[in-house]
Amino acid sequence: MDLEAAVSGHYSSGRLEEVLLGALRDAGVDPEQFDPVDLFPADELHVGGAVAAHELAEAAGISRSTRVLDLGCGIGGPARLFASQFGAHVVGVDVTEEFVHTATSLTARSGLGELATFAVASALDLPFDAGSFDRATLLHVGMNIEDKSSLFTEAFRVLTDGGVFAVFDIMRTADGDLTYPMPWASTADISFLATPGDYEDLGRAAGFVVDGTRDRRELGIEFLTKMQRAAAQGTDAPGRPRLGLPLVLGPDSGMRVGNLLAAVQAGVLSPVEILFRKP
Ligand SMILES: C[S@@+](CC[C@H](N)C(=O)[O-])C[C@H]1O[C@@H](n2cnc3c(N)ncnc32)[C@H](O)[C@@H]1O
């Protein structure tokens, strides 16, 4: 099986849309018509949730009418946030078909279908012309990408001159063993962690200028600690999980989050933001 098929297999459950719509209903939200904010607890598949996505968008200079390409868009949480809170026009691509289908359905139900659209595509081979976007974003995707050189080359190609590629990934910050499962990989064979320096070098090799690097370890520890506590408290009622990331991460989400938290606390991994600019 090739890597992208294995990654897609890792993230697919076959019934995610149904589960999310049911959880919205249980939370007292109309699943046919809801505010994007209602789904933020479950659709931001990265450390720091909506707060981190909002801060990344601000740092990247996303604003009204900016054309944004969200690489590895998941179920569209960041794309809906960029559209609803910044007025951006967003295209999200992802290799996981179930995520793209779910992203499209949830976006229509939250009234953002005109501003955010989604397609199945690899970040390493983008179906867009050169210079099609003002901004590109990548939130917690690079950990599943071995060929990061092609990732940067493609992001550079589809951006306009002066465009920004905003990356927010879990990166390796020291040597040390890791325990799997992690949220992005059950085993090490689909996990490709690189250091902030590796990302910066690959970005420069593609032609980017590095505009800033920010280690978000404190935010990571706080967010993951809260998630672990919530997982330990269980659900409100048997068989009716709360609206939250465990709906997407699956039944062993507590273990995955615990393993990541331990690595972040040990200083081996950290959520890191890097802004690249196309000169
Ligand atoms: C941890 S999720 C993050 C989703 C989203 N960025 C978010 O923050 O909510 C990682 C996503 O990257 C996608 N992905 C992994 N490798 C990819 C690739 N080569 N091209 C496009 N998407 C990819 C996965 O399918 C998954 O949806």
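**Charged side chains: a chat**

Reader: Where does Lys148 lie?

Author: Lys148 lies in helix α7, residues 148-158 (helices are DSSP runs of H or I with at least four residues, strands are E runs with at least two, numbered from the N terminus). This is a predicted model, in which local features need pLDDT of at least 70, side-chain atom pairs count only at pLDDT 80 or more, and totals for chains, interfaces and linings use all residues. Residues are numbered from 1 along each chain as its sequence is written, and side-chain values use heavy atoms, leaving out hydrogens and water.

Reader: Thanks! Is Lys148 buried or exposed?

Author: Lys148 is buried (under 20% relative accessible area; exposed is over 50%, partly exposed in between, with a 1.4 Å probe and protein chains only). Lys148 has no salt bridge (a side-chain nitrogen of Lys or Arg within 4 Å of a carboxyl oxygen of Asp or Glu). The nearest side chain of opposite charge, Asp169, is 6.4 Å away (Lys and Arg count as positive, Asp and Glu as negative; His and the chain ends are not counted).

Reader: Which backbone oxygen lies 2.7 Å from a polar atom of its side chain?

Author: That of Phe192.

Reader: Switching topic, how many salt bridges does a search of the whole structure find?

Author: The search finds 15. One of them pairs Asp43 with Arg80, with the closest N and O atoms 3.0 Å apart. Asp43 is in helix α3 (residues 36-43) and Arg80 in helix α5 (residues 77-86), so the pair ties together parts 37 residues apart in sequence.

Reader: Are those two buried or exposed?

Author: Both Asp43 and Arg80 are buried.

Note on methods. Polar contact = N/O pair within 3.5 Å; in protein donor to acceptor, adjacent residues only side chain to side chain.
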